[in-house]
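Dear colleague,

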Protein chains: 2
Amino acid sequence: MKGFFQLISSKDFLELFDSFTTLDTEEVDLVNGLGRILAQEITAPEELPPFSRSTMDGFAVRARDTFGCSESEPAMLEIIGEISMGTSGQAISLNPGQTCRIWTGGELAARADAVVMIEYSHLLDKQTVELFKPVAPGENVIRAGEDTTSGQQVLPRGRKLRPQDMGVLAGLGITSVTVHRRPVVAILSTGDELVPPEEQPGPGQIRDINSTTLAALVEESGCIASTIGIIGDDFDTMFATCEKTLNGADMILLSGGSSVGKRDFTLKVLEKLKNSELLAHGVAIRPGKPTILARIGNKALFGLPGHVASAMVVFYLLVRPLLLKLGGMDAPLNLLPLTVTTGEQIPSAIGREEYVRVQLLWKNDNNLPVALPIYGKSGLLSPLVKADGLLVINRDCEGLDKGETGKVLLFPVQH
Amino acid sequence: MKGFFQLISSKDFLELFDSFTTLDTEEVDLVNGLGRILAQEITAPEELPPFSRSTMDGFAVRARDTFGCSESEPAMLEIIGEISMGTSGQAISLNPGQTCRIWTGGELAARADAVVMIEYSHLLDKQTVELFKPVAPGENVIRAGEDTTSGQQVLPRGRKLRPQDMGVLAGLGITSVTVHRRPVVAILSTGDELVPPEEQPGPGQIRDINSTTLAALVEESGCIASTIGIIGDDFDTMFATCEKTLNGADMILLSGGSSVGKRDFTLKVLEKLKNSELLAHGVAIRPGKPTILARIGNKALFGLPGHVASAMVVFYLLVRPLLLKLGGMDAPLNLLPLTVTTGEQIPSAIGREEYVRVQLLWKNDNNLPVALPIYGKSGLLSPLVKADGLLVINRDCEGLDKGETGKVLLFPVQH
């Protein structure tokens, strides 16, 4: 009997990615770096901040000169100047009993080691100030190198750049970074019944949904989608298109061939491509069983289920982690695993990991969000439109009772 | 005494946004729609799927003809044809005792109401098949309109488009959408001590960190950043720059003036701008107290704290929600509130909401992630580089004990 799969677990499937290597690198301007993945560790070429800075408006002091002062017994100090912003504080040197005005962010005077806030001062005359509050050495000061010392690791390789990461790079004068090239993913929809979204389908025809959905998933993952279009169920066309597409892409996603007949067809194409190696044919997950993975060198070719809901689950579970790996990202490669409680009983079948589409109800208190299953055939899109993520039910579990704690893999771009 | 604030709560601050209205709209091609916010409700112009489809490879049947069949007593049916993909299934009409071949996604034959999977069939000859498994009407079929009926709401206004949303639009032939224009945010850093990141700072000078960080935060929020650059501490230049910048921007972020003196300076500029209205001056949060909000018509002008860590917290708590509102997004406007347990005791002061930078340790089991505080002065960037989000400690709370449950507002783009 044809069409039975040699199923492997999702864990084994993910381990197949070990043999893939990260893509080559490119240089980008820091301002274009958001979300890009660092291909090199970044160490600080210098100290940040480059000098000791005040964190308050007030008076730079030798802390010792303020010890023991109070509202009733203020310390009286001689004002010998003011440190204007953007000028060298070190040009002013404090002797015992002396102080100078300083502003937030200003460079500390030479031999000063603390700052008294302006709120705790009272001017007697232009040269004399009373201070009411003692400060410890280092108080209201950020020391030179307190943020980063020279030579220190600032960001690890494999880091996805966030706004604060870019801020620290700007502060260190690092205005371009070496990142991994973003994976280019070619998307092909197969099926004689498909027409492009802009066309009116004739009898028995339907618009291609998978190309649009998969391209958006690829983009959401920070990669570059190359939508090739629709290919009819014709071996030679499909083979030729795959062969041609391989040149400019790091990955090919074939979708549409979800029936046994078409699946075999996709399989034959993937097997016939030069130097191709079949890595997996069937995964013990639901939905997503009829997934195929082949490789040619470092390029991956996926045969995805034709039903869009299944294809999307497989994308998040099995395609996206490989894309992030190719793109150079360090763990985590999975979707955000949110702890939830179930809002109702959710049955499952033993023997397959199940990923149940759920809607989340958020609580204002410290309670967990509540996950409610959204049932619907895997060919339907509307349950996915309602869903916030996928509740994971393990292989050996018959289901979750109402009120049980579980994990939901959260779809991206929610907040 | 100068410089004291009239503090308002973060809740009151967010309520100030009620008087701002969403931006105007534009039309974008569906393929460019990821992350854009719908300005109109979308209703289905037609049914999806447009016809009843098989979800399996097999035989289209009148379900009644299979009732009672089994392995030992198969139903024997006459094969009157095959429904090729992309052709009209309705061209074939089944009489009692008749069946036809069908593939996954194919249109059901006229008067067929179910599909028997090929796995449960045995061909006797070209015209005759034995079926071993009875099917109920509707089994292995997606009915016409089962995903969406004509006229049904598919997506609400204010929806941020996700891949599956785009899929359903493609399926319905909706290839362009009306979305809100993305807010344009002008970013100005003020301070005589600042030099651009690409320059070598002289004595007492430091590179501008806030422009890069804020621009990335704006971009991360799906908006357009317009980095104006550095302005020295000069009233006239600052006033003229703000006035000029207002033309092309929906929002201005001024940062750098975190000291009492500079803050008053920013305040004076904001007050002197024509038709400006001061909405808030000081918020009861920590960090972030010295935040200023003014408006001119529907344009918002923020005076952010100069310390980058404070500016970032204020951005996520108070700027981003307004940006998302201007951009037309429905709730939620906050960062994702993750339930966590604390890994150690975290003290806090009564009277202000506190937002503690925390690192999260993820658990593989169903336990909550553990939040560990990362302490550091608000002028430092490195604690933010380590942080995954902000632990919220309420105004009337003295802190959280080790092992207590709390909420962390998760920074975006983590997974």
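**Helix packing within each chain**

In chain A, helix 3 of chain A and helix 6 of chain A meet through N210(A), T213(A), L214(A) and L217(A) on the side of helix 3, and through V308(A), A311(A), M312(A) and F315(A) on the side of helix 6. The residues of this contact between helix 3 of chain A and helix 6 of chain A comprise 6 nonpolar, 2 polar and no charged. Please bear in mind throughout that this is a predicted model.

As for the geometry, helix 3 of chain A covers residues 210–220 and helix 6 of chain A covers residues 308–326; their axes come within 10 Å and cross at roughly 20 degrees. Angles under 35 degrees count as roughly parallel, and helix 3 of chain A is therefore roughly parallel to helix 6 of chain A. The crossing of these two helices of chain A is right-handed.

The corresponding pair in chain B may be described in turn. Helix 3 of chain B (residues 210–220) packs against helix 6 of chain B (residues 308–326) at an angle of about 20 degrees, and their axes are 10 Å apart. Helix 3 of chain B is thus roughly parallel to helix 6 of chain B, and it passes helix 6 of chain B in a right-handed crossing. From helix 3 of chain B, the residues N210(B), T213(B), L214(B) and L217(B) meet V308(B), A311(B), M312(B) and F315(B) of helix 6 of chain B. By class, the residues of this contact in chain B are 6 nonpolar, 2 polar and no charged.

**Relation of the two chains**

The contact between the chains takes 90 residues from chain B and 88 residues from chain A. Several elements of chain B each supply at least two residues to the side that touches chain A, including helix 5 (260–272), strand 22 (336–342), helix 7 (382–386) and strand 28 (405–410). Helix 3 and helix 6 of chain B, described above for their packing, are also among them. Helix 2 of chain B gives the most to this side, with 8 residues. The side of chain B that touches chain A has 38 nonpolar, 35 polar and 17 charged residues. Of the interface residues of chain B, 98% are also interface residues in chain A, so the copies meet through the same surface.

**Domains and backbone details**

The domain assignment of chain A gives domain 1 (10–24 + 182–326), domain 2 (27–48 + 147–180), domain 3 (53–142) and domain 4 (336–410). Taken over C-alpha atoms, the centres of domain 1 and domain 3 of chain A are separated by 67 Å.

In chain A, R286(A) and P287(A) are joined by a cis peptide bond, with omega about 0 degrees. P287(A) is found in the loop between strand 19 (285–286) and strand 20 (292–296) of chain A. In chain B, a cis peptide bond likewise joins R286(B) and P287(B), with omega about 0 degrees, and P287(B) lies in the loop between strand 19 and strand 20 of chain B.

N275(A) is not a glycine, yet it has a positive phi of about 65 degrees. This residue, N275(A), has its place in the loop between helix 5 (260–272) and strand 18 (277–281) of chain A.

With kind regards

Note on methods: Residues numbered from 1 in each chain as written. Chains lettered and ligands numbered in written order. Predicted model: local features only at pLDDT ≥ 70, side-chain atom pairs only at ≥ 80, totals over all residues. Domains from an automatic or database assignment. Contact = placed C-beta atoms within 7 Å. Axes fitted to C-alpha atoms, helices over the stretch in contact; angles between N-to-C directions. Helix = DSSP H or I, 4+ residues; strand = E, 2+ residues; numbered from the N terminus. Parallel < 35°, antiparallel > 145°, perpendicular 65-115°, else oblique. Left-handed = near helix turned anticlockwise from the far one by under 90°. Nonpolar A, V, L, I, M, F, W, Y, C, P; charged D, E, K, R; others polar.
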